[in-house]
Amino acid sequence: MNAPVDLDHASIAATTPLDRLDPSNPAIFRDDAWQPYFARLRREAPVHYTAESMFGPFWSVSTYKEIMQCELAHKVLSSDSLHGGITIRDRDKSLRLPMFIAMDPPQHDEQRKVVQPIVAPANLAKLEHMIRERAIRILEGLPRNETFNWVDRVSIELTVSMLATLFDFPQEERRKLSHWSDCATALPMPGGLIENEEQREAVFAEMLGAFTKLWNERVNADPRPDLISMLAHGEATRNMTPREFMGNLILLIVGGNDTTRNSISGGVLFLNENPAEYDKLRANPALIETMVPEIIRYQTPLAHMRRTATADFEVGGKTIRAGDKVIMWYISGNRDEAAIDQPDRFIIDRARPRGHLSFGFGIHRCVGNRLAELQLKILWEEILKRFPRIEVVGPAERTYSAFVHGITNLPVRIPG
Ligand code: HEM
């Protein structure tokens, strides 16, 4: 079941002339009101042009099949930050941050290969034990019969301690990682976490300083299986400029942080909204296996990825011109009834639960997808061993963003 959509949003989505419909307004994600906008786009204009928005003109691709076509067209749909990068928001060219998610082949492929071993099956097997230990420690420390914010106490704690392990970053300073990640994705606004780009650059410089220290320690030591050592020794990364190092750090911090965090929070919320599914899970904890990818589909932690056309490109009967901005709305493709059975329902025992778009597709498909699933799987195994119920006791608050589809506050109570 979806949360009830605000009537205003529903009528705006239904009555705005199609050519003026703007699905990028961050308020529709904060208000959990995106569903009717995208349902209309899928029905009436799977490839749609918005001429005016706070992010300038852009194409929306909202159906599963057409998103796949765009993902596979990396020769004409570029991810390169020189063309605009991977999010709807254009950044000032002088603040360009090179990172391999925002590069095209061959440089993308070479740098991706350097960090890929972090998620090799043998390394995941090693991480499993550590993730379980952390999950147990976090869960055992939770209060009973008391309202607390699940996002802060569990989702953030587990993902940052995992991230600190991947970087071999001091555990006691792990909250710096979530702060840097939040600053990297925040929309600048008065009174916000980041008020302007200068502030953001200052935070990035602080992050670079901390990681440069670790790099310097590791570059002359033997290679080790942590991300900084891998980058310092990797042939395609060891001569990166400081700006490129900064970009790749942001990629790895944001990539491994917000996304998993929001899937952890989403799971608790969806089970509360769907009590019959929660009953099914309690009766058969083996369903965690298929529930985890369903949580990731249903949440869709990154609402979109952006590409920029470098040549004219045909999709869904429309011609995208060289230079145009193309937004692949995963959040919509994951609700496409032509590809997914009863897509608006949260069903924990689907036959093919991994066939979603949340991890993207093609050459940029998420490096960390198995690691994210592993964290969620272990967490739910340990939750079910301890708590018959986690009750959501107040409304979820959501991120004001058209990119990170997140939950900032989820009041819960564990009956004891
Ligand atoms: C790329 C989603 C967890 C690291 C991506 C992409 C998406 C995504 C949508 C871009 C795909 C495309 O353009 O086709 C997610 C979601 C996660 C998650 C939903 C959790 C539920 C992680 C974790 C890590 C990670 C845990 C690492 C520790 C990366 C990296 C890339 C990436 C490095 C760039 C890949 C490339 O450009 O080749 N992720 N991610 N992600 N993700 Fe994730």
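Mentor: Two strands pair if DSSP finds at least two bridges between them. Helices (H or I, at least four residues) and strands (E, at least two) are DSSP runs, numbered from the N terminus. The model here is predicted, so local features need pLDDT of at least 70 and side-chain atom pairs pLDDT 80 or more, while totals for chains, interfaces and linings use all residues. Residues are numbered from 1 along each chain as its sequence is written, and side-chain values use heavy atoms, without hydrogens and water.

Trainee: In what order do the five strands of the open sheet stand?

Mentor: The order is β1-β2-β8-β5-β3, and the pairing is mixed. β1 and β3 (77–78) each have a single partner strand, so one side of each has no neighbour in the sheet, and they stand at the edges.

Trainee: How do you know that β1 and β2 pair?

Mentor: The rule asks for at least two bridges, and β1 and β2 have four, in the antiparallel sense. H48 stands opposite S60 in β2.

Trainee: What makes β2 and β8 a pair, and which way do they run?

Mentor: Three bridges join β2 to β8, and the two run parallel. S60 has I327 in β8 as its bridge partner.

Trainee: What holds paired strands together in general?

Mentor: Strands of a sheet pair through backbone hydrogen bonds, either parallel or antiparallel.

Trainee: Why is β8 said to be largely enclosed?

Mentor: Buried means under 20% relative accessible area, exposed over 50%, and partly exposed in between (1.4 Å probe, protein chains only). Five of the five residues of β8 are buried, so the rest of the structure largely encloses this strand. Both faces are covered: K325, I327 and W329 are buried on one side, and V326 and M328 on the other.

Trainee: Which helix lies across β8, and at what angle?

Mentor: Helix α4 (residues 64–71) lies across β1, β2, β3, β5 and β8 (325–329), and runs at about 130° to β8. Such angles go from 0 to 180 degrees between N-to-C directions, with axes fitted as lines to C-alpha atoms, for helices over the stretch in contact.

Trainee: How many aromatic pairs are there?

Mentor: Rings of Phe, Tyr and Trp (its six-membered ring) pair if their centres lie within 6.5 Å; planes under 30 degrees apart count as stacked, over 60 as edge-to-face and the rest as tilted. By this rule there are 13 aromatic pairs.

Trainee: Why is the pair of Y49 and W59 called tilted?

Mentor: The ring centres of Y49 and W59 are 5.0 Å apart and their planes stand at 55°, so the pair is tilted. Y49 is in strand β1 (residues 47–50) and W59 in strand β2 (residues 58–61), so the pair ties together parts 10 residues apart in sequence.

Trainee: What makes Y49 partly exposed, and why does W59 count as buried?

Mentor: Y49 has a relative accessible area of 36%, so Y49 is partly exposed. W59 has 10% relative accessibility, so W59 counts as buried.

Trainee: Why is the pair of F169 and W180 called edge-to-face?

Mentor: The planes of F169 and W180 stand at 80° and the centres are 5.9 Å apart, so this pair is edge-to-face. F169 is in the loop between α7 (150–167) and α8 (175–185), W180 is in helix α8, and they are 11 residues apart. Both F169 and W180 are buried. Ring pairs also link F167, F169, W180 and F211 into a cluster.

Trainee: How do you know that the charged end of R282 sits over the ring of Y278?

Mentor: A charge sits over a ring if NZ of Lys or CZ of Arg is within 6 Å of the ring centre and within 35 degrees of the ring normal. The charged end of R282 sits over the ring of Y278 at 4.3 Å from its centre. R153 sits likewise over F148, with its charged end 5.9 Å from the ring centre.

Trainee: Why is S229 called buried, and what does S229 contact?

Mentor: S229 has a relative accessible area of 1%, so S229 is buried. Contact means heavy atoms within 4.5 Å. Leaving aside neighbours within four places in sequence, S229 touches R218, D222, P223 and R224.
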